[in-house]
Amino acid sequence: MEKVLGFIERYQMIVSGDKIVAGISGGADSVCLLFVLLELREKMGIEIVAVHVNHGLRGENAKRDEVFVQELCRKQDVKCVVYHENVESISKKRKQSVEEAGRVVRREAFERTLLACGGTKIAMAHHQNDNAETLLMNLARGTGLKGLGGIQPVAGNIIRPLLCLNRREIERFVEEIGCGFCQDETNEEDDYTRNRLRHQVIPVLEEQVNAQAVRHMNEAMEQIRGLQDYMEMQTEQACQKCVAKQKDGSLCIYEAGYRKLHRVLQGLLIRRCLSRASGAERDITMAHVEAVAGLFEKQTGRSRDLPYSVKAVRNYDGVVLKKKTDMQKKGFAPIQLRVPGITRVPELNLTICCSILEKQADFSAKQAPQKTYTKWFDYDIIKGDLIIRPRQGRDSIVIDKDGRSQKIKSYFINEKIPSEERDCVPLIADEKQIIWILGYRMSSACQITVQTHRVLEIKVTEEKSDVREDYGFSIRKRS
């Protein structure tokens, strides 16, 4: 007990007056946690609320655990809140493994209880063996410095008082107090990755390499966490010097400052920016960090798609990270044109007037207007309805009378249209082809000739002059 109390004091996990929400499954580790907190209730005047989650996976055995926890809490005069969840169903709905869904459901139950009872901390019963298993999993799957630090003793309002004990010490303590505990039979199975490490890897390390392997791994993780804290401070200082948040919410890593950083700090900076841009970091790996770093060696306009709908784009200043959803907000939905008739595109503040003109006897192709936003098209060869829309993946446009075409992407690059604006440039298309890149060029395939019988005139006008600031497209800018 003294070892745990010293650990709690070292990390200032609990202060007088705290109301602790404790996850109590009924296993040896959670029973140990409860009695540690009971000791502190007497010494520091804290309050304890136990939370037990029945996952609906183990039938009568799960009910047995629930009853055990309720009876234990009753004897110790501890309020106990029980949740019943169908974790198997939840895992399918959320497209998670049962193990992951169970972990999330438990965390949600703790958070709900914390809010409902006005709690201050959530206490979880992770111990050194859990931490060693986590380290091995992170190493096997690929991890950065944070993953090498394992489980944090304190993370926000979550505390883990038992991280100074191994499994044997916990079981010995519970046996000494004589209150018993529940054995989860699924812990003996090897269906989960963590269980396979627990049964097949950790014993080999302890029996054939070093009996203190778990303790040594935890000591190493503690040193790494200290190093991580230092690097976090260095990374934050680097962010302040060479990262800026743009008006649209994107993050720009400026090349001038980035180039001055040590390679290790560059990687940490990118990881932090990815985390900030996405709002999460669980699925961000070294491969994604390297993908962003590689853009600094690429030409302007190159990009990479990243987790959580983040896109990294190389520009003249450095690399910009932004949510694809943010970019899509600047775009517009496809709209079918009224032919003949008037169509309004409210997102772009444009009005498009389509008229069908019959060819006169004195008709000449030279009569076609030469205005940027009024064009004539051979209506006889246009198939299907016309729509105005953003670009799509395989779009191309005919560029000469011989029918040669060019990809829209290549055209935008040649015209030096900034990559962040390309999804905002309107295209007018029928079912088969792009007939007009609005404000740039029309398709050579649709030009009027002496064989033309009906002429489609498309005239585009703008209702406001500040559209480019909002949507990245403006008639006034193109003309």
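I started with an aromatic cluster in this predicted model: Tyr411, Phe412 and Tyr440 form one cluster.

I then looked at one pair in it. Tyrosine 411 and tyrosine 440 are arranged edge-to-face, with 6.3 Å centre to centre and 85° between the planes. I noted where each sits: tyrosine 411 is in helix H15 (residues 408-414), and tyrosine 440 is in the loop between S20 and strand S21 (441-442). The pair links distant parts of the chain, 29 residues apart.

I looked up the number of aromatic pairs and found 5 in the structure. Another of them is phenylalanine 377 with tryptophan 436, a tilted pair at 5.8 Å centre to centre and 50° between the planes. I placed phenylalanine 377 in strand S15 (residues 374-378) and tryptophan 436 in strand S20 (residues 434-437), so this pair ties together parts that are 59 residues apart in sequence. Phenylalanine 377 is buried at 0% relative accessible area. I read 0% for tryptophan 436 too, which is buried.

Last, I turned to two helices. H2 (residues 28-44) packs with H8 (residues 167-177) at about 65°, the axes being 9 Å apart. The crossing of H2 past H8 is left-handed. From H2, I listed Ala28, Asp29, Val31, Cys32 and Phe35 in the contact; from H8, Ile170, Glu171, Phe173, Val174 and Ile177.

Conventions:
Residues numbered from 1 in each chain as written. Predicted model: local features only at pLDDT ≥ 70, side-chain atom pairs only at ≥ 80, totals over all residues. Heavy atoms only, no water. Axes fitted to C-alpha atoms, helices over the stretch in contact; angles between N-to-C directions. Helix = DSSP H or I, 4+ residues; strand = E, 2+ residues; numbered from the N terminus. Left-handed = near helix turned anticlockwise from the far one by under 90°. Contact = heavy atoms within 4.5 Å. Phe/Tyr/Trp six-rings, centres within 6.5 Å; stacked < 30°, edge-to-face > 60°. Buried < 20%, exposed > 50% of the residue type's maximum accessible area, 1.4 Å probe, protein only.
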